[in-house]
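Hello,

Here is the structure I promised to pass on. Please open it first, then read the notes below.

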Amino acid sequence: MEQKPTLGNSHIVSPTALDADVRSLATKSTRSPQGQSLCFGPFRLLVAQRLLLEGDRPVRLGSRALDILIALVERPGQSVTKHELMALVWPDTVVEEGNLKVHVAGLRRVLGDGRGGTRYLISVPGRGYRFVAHVALVDEPQRPAYLATSNEQHNLPAQLTRLIGRHEIIDSLIERLSIQRLLTIVGPGGIGKTAVALVIAERLIGTYEHGVWLIDLAPITDPHLVPTALAAALKLEIRSENPLPSLIVALRDKQMLLLLDNCEHVIEAAAALATGILKGSRGVQILATSREALRVEGERTYRLSGLESPPASGRLSAAEVFNFPATQLFVERAAAAANEFELNDGDAPSVAEICRDLDGIPLAIEFAAARVGAFGVQRIAALLQDRLRLLTGGHRTALPRHRTIKAALDWSYQLLDEEEKTLFRRLAIFVGGFTLEASGTAAGADGVAPEIADRIASLVMKSLVVAEMVGEHVRFRLLETTRAYALAMLQQSGEDDILSRRHAIYYRGLVEGTSRVSARIGLSAALAPELANIRAALRWAFAPEGDGSIGVALAAASATIWFEMSLLAECRTWMEKAVDRLDAADRGTRLEMVLQTSLGFSLMFTEGVSDRAHAALSKARELAESVGDPEYQLRAISGLASFCHRREDFQGALALGRRAEAIVMGDPDPVNLSTAEWLLCVSLSFLGEHAEALVYSRRAQQRATPEVRRAHLVRSGMDHSFYVRCVEAHSLWTLGWLDQSAKAARELVADAQTGAHPLSVCMALSWCGCMIPLRLGDMETAERCIAWLKDCAEKQASSNFFANGLGFEGLLFAARGDLSAAERQLRASLDGCTDLQHTFFLSGLAQVLAMMRRLDEGLAAADQALQRAERANAFWWMPEAIRIKGEVLLSSDTPDTGAAEAYLRRSLDVARRHGALSWELRTSMMLGRLRHSQGRTREGRELLSTVYARFSEGFDTVDLRCARRHLDEWT
């Protein structure tokens, strides 16, 4: 997108036609008049003063890069050959063409060429370069303030790259420097401390009477030479072995800013220098950079963190990813390395992943971006597993420790003492962070000795360990690139196996101990920060070199976490491994009971109603009875009852519900009582006992405190309050309380939006967000909830709920008249749907086929659905399944009205016996239409009006509106 200037009195000049006055100027002198500038994008080029401004800030360029820019900007839209440019920039000198390419690449970086689609310079293959942005000639009414003094004093290097994502920080630090005499920017290697400090120093040129001076301490190996480095930068003579007193005298009356860069390896000498200068002068301020603070009086520190990266989401577009500074840096550096690189939607998730994996560290991001031309973005994302070898190849002009990430970390590592080195490499065993208590494991101690805490604090101060507040607690972590380095050091030491064992034992004890005190309220809140460590411990324990007994115990203790966080596929993986590794002595014990219960539930949610899931739950129930554990009996029974529901064995589920009711008889525990109530509530609903189901539903809801709901999540991976509220909404609809049903469904879906448990959300969406609105005729709500259900089911790897989403989508297509799409989605749903809703969608397919005049197929589907409902005593659906069979029979060109009427009468009878007023209404409408077609309109109207009169609400819903229309037409 082109950026057009708005400064001063200007006119726009197209890239292909420079205004005559500028063109003539270019022809005569290649310099714009004094008091005028060439403006493009956010930049102003004052040729006479040889100055480039971005806004009101000078942009420092090398003289040759500036010559190239002037030559191109004064001839916008025209190709300038390489030979012309080299003759202009290096007159009377023979140079390689590569020199020109280097300066053009640096110029592109400074301008941000290619960022956000903005282009300034393009290569003309085989010729040279062309400036393609709009250029305007702008009046400069007065000499800018930044040119007020011609004798600016500084030794700052020209900045060849643009700083990204730090402008607010720079503004804040400049403000701090106005009130603080010593400000130290601290952070790990490669985080950009020097880059930020140099921009601050450059912004402050002209603010200090005696200048801004850079003292780079990186090359200094002898701490005694630190004062000498300052003297050399200020061009002061050294006449004694201890130059510090003379320096202080020389600076006593000066007003200047000193930038002490890279202090960490000579930290004590730098601290002594800073202290002496601050005490001996009044107008000198110090800006320092270091991996640890100087820790002197009057110092204020700012810890620089990584650039902000996109969140973990596979759905971000290129435009969304580019909003983050880390990805802006990656894209700009990749474009500089590979001229034609542009971020697209396909690569955007990988770029976001790269920046997150590198913790937003600018140096690491630049190294990764430089490899785009060789590997491509997606391959780089994969190669970051071996990040220390990938992240090489810095600028040749960079210091050796900045040419690779490993070199930068070697620099920091060598500054540690032996005890710190040992602890640092051992901390690599932790994944995703650790607590101070856990660090004792790495040190080989029980608990946290004072010296360990001191070493951790020292590593934090030296920017090798990051300290963060997580809630009310402090956690520590190594940045991922730092951890990769430390892990390599740990493996070299040969300590990795014993550290892995200590790590696994610690987290086994942590999870077991936490589960004992948090059994009812759940573990996820307490242990979510430790998830990565728990995974790492399980991986090691179940690996060939690990210890299976540790893994079995940890898996059993951690099952609750996976359920609470809806990580059911992962739960299944760990439970399968644990059951396979059980010792003979642990078979038949409480340990196996816990594992089989968790395995059964996770299999049922991820694999469906499989024999393996049923076998695990049955074994769990048997073990719970043998060890006399009523809580686990209820857990296993509830799992088996859910299994029965999904296999449409509703009588079996009701029997299990009655067994649960007997177990909790006299038990005051609301969790146990509500478990029995939800089992009975759901089973009775499927058997068509809607009024009784409603009673149990409301009892269970009265007990649904947050603690009880959490306990159900812990036990079975589902929030049972969502089940019973689904039953309430369906019972109300079936009994004819349509407005109350709609309200109950809306409230449940609204609750699902507030961060409810994902599988419970799928349950609520399937039964209330999709089914109830479709029945009420609210297609917009249904469409929104169908999309939400499919998305949620896909994320949770729930094939059954995803199949439900396809089925509801098919019914929505049918309601809108797109029968081909309806058939396609319903058949796809039936291929994947393994639960009781298979019958429901099969009936829907029968209706669609009948509307498509494929009556034989429609009758076959209707017969199959009705047979399934009859076999299961599925009276929740049977009146409708019977009615649909009659509807299909009536769809024929030569309908068997006698058989159809028999089915419709049977549907009415079943609906009335179960108090299913809404089903009765639908059948009455169809039977009434049949009577009307037979010339028995009065009989049909009386039948429908009798049913219609029993409704007291819901008159705006689709069925009642249709019934009212029929009654009006049949007068």
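α44 and α46 are roughly parallel to each other, because their axes cross at roughly 30 degrees and angles under 35 degrees count as roughly parallel. Please keep in mind that this is a predicted model. The axes of α44 and α46 come within 10 Å. Their crossing is left-handed.

Which residues of α44 and α46 meet? From α44 come Leu921, Arg922, Met925 and Arg929. From α46 come Asp959, Leu960, Cys962, Ala963 and His966. By class, this contact of α44 with α46 has five nonpolar residues, one polar and three charged.

α44 (917-933) and α46 (958-969) each give two or more residues to the lining of the second largest pocket. That pocket holds about 810 Å³ of space. Its lining has 27 residues. Nearest the centre of the pocket lie Leu774, Gln847, Glu880, Arg883 and Arg922.

Which element gives the most? α40 does, with six residues. The lining divides into 16 nonpolar, four polar and seven charged residues.

Next, the pair α36 and α38. α36 covers residues 758-776 and α38 covers residues 799-815. Their axes come within 11 Å and cross at roughly 15 degrees. That makes α36 roughly parallel to α38. The crossing is left-handed.

On the α36 side, the contact uses Leu759, Cys762, Met763, Ser766, Cys770, Met771 and Leu774. On the α38 side, Phe801, Asn804, Phe808, Leu811 and Leu812 take part. The contact of α36 with α38 has 10 nonpolar residues, two polar and no charged.

How many cavities of 30 Å³ or more does the structure hold? There are six. The largest cavity contains about 400 Å³ of space. Its lining has 27 residues. Phe686, Tyr723, Met763, Trp767 and Leu836 lie nearest its centre.

α34 gives the most, with five residues. By class, the lining of the largest cavity has 14 nonpolar residues, 10 polar and three charged.

Last, α31 and α34. Their axes are 10 Å apart and pack at an angle of about 35 degrees. Their crossing is left-handed. α31 brings Trp678, Cys681, Val682 and Ser685 to the contact. α34 brings His720, Tyr723, Val724, Val727 and Ser731. This contact of α31 with α34 has six nonpolar residues, three polar and no charged. Tyr723 of the contact is among the residues nearest the centre of the largest cavity.

Best wishes

Methods:
Residues are numbered from 1 along each chain as its sequence is written. This is a predicted model: local features need pLDDT of at least 70, side-chain atom pairs count only at pLDDT 80 or more; totals for chains, interfaces and linings use all residues. Side-chain values use heavy atoms; hydrogens and water are left out. Axes are lines fitted to C-alpha atoms, for helices over the stretch in contact, and angles run from 0 to 180 degrees between N-to-C directions. Helices (H or I, at least four residues) and strands (E, at least two) are DSSP runs, numbered from the N terminus. Angles under 35 degrees count as roughly parallel, over 145 as roughly antiparallel, 65 to 115 as roughly perpendicular and the rest as oblique. A crossing is left-handed if the near helix is turned anticlockwise from the far one by less than a right angle, and right-handed if clockwise. Contact means heavy atoms within 4.5 Å. Ala, Val, Leu, Ile, Met, Phe, Trp, Tyr, Cys and Pro count as nonpolar, Asp, Glu, Lys and Arg as charged, and the others, Gly among them, as polar. On a 1 Å grid over the protein atoms alone, a cavity is a set of points where a 1.4 Å probe fits but cannot get out, and a pocket is an open set with protein on both sides within 12 Å along at least five of seven lines; lining residues have an atom within 4 Å of a point. Grid points are joined across faces, edges and corners, and a volume is the space filled by probe spheres set on the points.
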